[in-house]
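Subject: Structure handover

Hi,

Here is the structure for you to open alongside this note. Please keep the sequence beside it as you read.

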Amino acid sequence: MRFTALLHHITPALLRASYWELNRSAVPGIDGERWVEYRKHLEARIEDLHGRVHRGTYRAKPSKRAWIPKTGGRRPLGISALEDKIVQQAVRTVLECVYEEDFLGFSYGFRPGRSCHNALDALWVGLTQRRVNWVLDCDIRGFFEAIDHEWLVKFLEHRIADRRILRLVRKWLRAGVSEDGEWSRTTVGTPQGAVISPTLANVYLHYVLDLWVERWRKRHARGDVIIVRYADDFVLGYQYRDDAQRCLAELGQRMQAFGLELHPEETRLIEFGRFAAADRQRRGDGKPETFEFLGFTHWCGTRRDGKFTVKRKSMARRMSAKLKEVKDRFRVLMHAEVRTMGRWASAVVRGWMNYHAVPGNRASVDVFRTQVCRMWYRTMRRRSESGRRRWPWKRMQRLIRRWIPPVRIVHPYPNERLIVTHPR
């Protein structure tokens with residue numbers, strides 16, 4: 001079924017609600033306007049924006065190119081103008097109502113009511129409770145920069161027949177990028193960081209990957225096949241090796257047909273599962289390999305009763321990168337008030353625990369907390385030495401007890417949460 005009229009849902013009330021949903025401290029786009037400044041005369045501005053959208057006189061502004069650090073390099077980020085963000089958020093709300101009925105259950109990225117931990121739960125349960133002996137860890141090279149505009153619009157037209165909504169999407173895709181004052185045209189890709197980009201990316205991969213994998217495992221697989229996808233990162237599990245090899249070869253061809261490419265270095269087929277350790281030991285191949293997904297390293301382990309389980313710990317390079325940021329920040333805060341440093345360090349540790357404190361990862365979280373405390377202690381010692389005062393460890397311990405929260409596991413076991421999330 002195609003929806004022929006959707007623009008009437010973009011009302012002043014929806015635009016106003018979309019404005020309040022935006023990040024209030026976000027970096028301004030090419031227009032230089034911040035969230036707080038737009039609030040002045042908000043009602044008049046929303047009415048004017050609503051009129052321009054419905055009259056067809058709304059014009060999308062280019063995204064401002066920014067670069068953010070990532071492990072092993074930099075990642076391009078597109079910062080949209082504030083009015084573009086408002087309209088994109090409103091259109092995203094409308095499109096989600098349509099596509100949430102179509103998206104498959106193993107897709108978790110940037111969907112309402114779903115999170116990274118829901119994807120991690122599904123992967124853990126799939127690896128432990130299904131017959132999985134081989135794992136294909138996949139990553140798409142430069143996915144957001146490689147999305148084909150023509151294919152994306154064709155995919156949208158499967159469900160959206162309102163030409164005014166499609167025209168808005170085309171305006172954002174063709175708006176271009178501004179970097180150092182120079183505008184450049186964009187013929188492929190969607191700005192990573194734009195409000196509408198996650199929804200468009202999910203639509204693209206829904207037709208390119210999700211529907212294809214769902215059909216492939218029903219028609220061609222000899223054994224069990226599981227898949228968990230979060231944005232452009234996805235993991236497949238297979239019962240038989242030949243299924244995995246055939247699927248990998250056909251998946252590469254499928255990606256190329258739509259302008260995408262599997263990353264050759266980050267896409268690996270490994271032996272993984274309840275029999276992997278014994279089979280590899282019998283062949284003299286050593287311990288089973290590990291794979292990384294959503295910030296955790298997964299490896300084959302055993303429970304106290306000797307049965308197989310999947311264990312997880314925080315990725316080492318992610319933790320090292322975060323601790324380097326903490327160290328640099330402590331240098332900036334060296335002469336700040338103690339309570340300012342304590343509040344910031346407390347927020348860092350709590351934020352790390354809120355994501356990484358999963359069952360079985362207590363040791364890694366404890367290492368992170370200990371390193372943050374040591375960096376804070378070294379910073380206080382340097383400051384006290386410059387002021388000719390000593391800073392004993394006992395005094396530091398009082399600060400740690402006051403500001404740094406103790407390590408605790410904040411997430412339940414994956415199978416328990418999955419049962420609550422998916423009662424069936």
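First, the ground rules. This is a predicted model, in which local features need pLDDT of at least 70, side-chain atom pairs count only at pLDDT 80 or more, and totals for chains, interfaces and linings use all residues. Residues are numbered from 1 along each chain as its sequence is written, and side-chain values use heavy atoms, with hydrogens and water left out.

The sheet

Four strands make an open, antiparallel sheet in the order E6-E7-E3-E8. Strands are DSSP runs of E with at least two residues, helices are runs of H or I with at least four, and both are numbered from the N terminus. Two strands count as paired if DSSP finds at least two bridges between them. E6 (225-230) and E8 (268-271) stand at the edges with a single partner strand each, so one side of each has no neighbour in the sheet. On average, neighbouring strands are turned by 15° against each other, direction ignored.

E3 (residues 134-139) and E7 (residues 233-238) run antiparallel, joined by six bridges. Cys138 has Phe234 in E7 as its bridge partner. Helix H9 (residues 197-219) packs on the sheet and touches E6 and E7. Contact here means heavy atoms within 4.5 Å. The direction of H9 makes about 175° with that of E6. Helix H5 (residues 116-129) lies across E3, E6 and E7, at about 165° to E6. Axes are lines fitted to C-alpha atoms, for helices over the stretch in contact, and angles run from 0 to 180 degrees between N-to-C directions.

The hairpins

E10 (residues 296-302) is largely enclosed by the rest of the structure, because five of its seven residues are buried. Buried means under 20% relative accessible area, with a 1.4 Å probe and protein chains only. Phe296 stands opposite Phe293 and opposite Ser314 in E11. Two residues separate E9 from E10, and Leu294 there takes a positive phi near 55°. Five residues separate E10 from E11, with Gly306 in the turn at a positive phi of about 90°.

Gln89

Gln89 is in helix H4 (residues 82-99). Gln89 is buried, at 11% relative accessible area. Its side chain makes a polar contact with the side chain of Glu21 (2.7 Å). That term means a pair of N or O atoms within 3.5 Å; within protein, one must be able to donate a hydrogen and the other to accept it, and residues adjacent in sequence count only if both atoms are side-chain atoms.

Best wishes

Conventions:
Buried means under 20% relative accessible area, exposed over 50%, partly exposed in between (1.4 Å probe, protein chains only).
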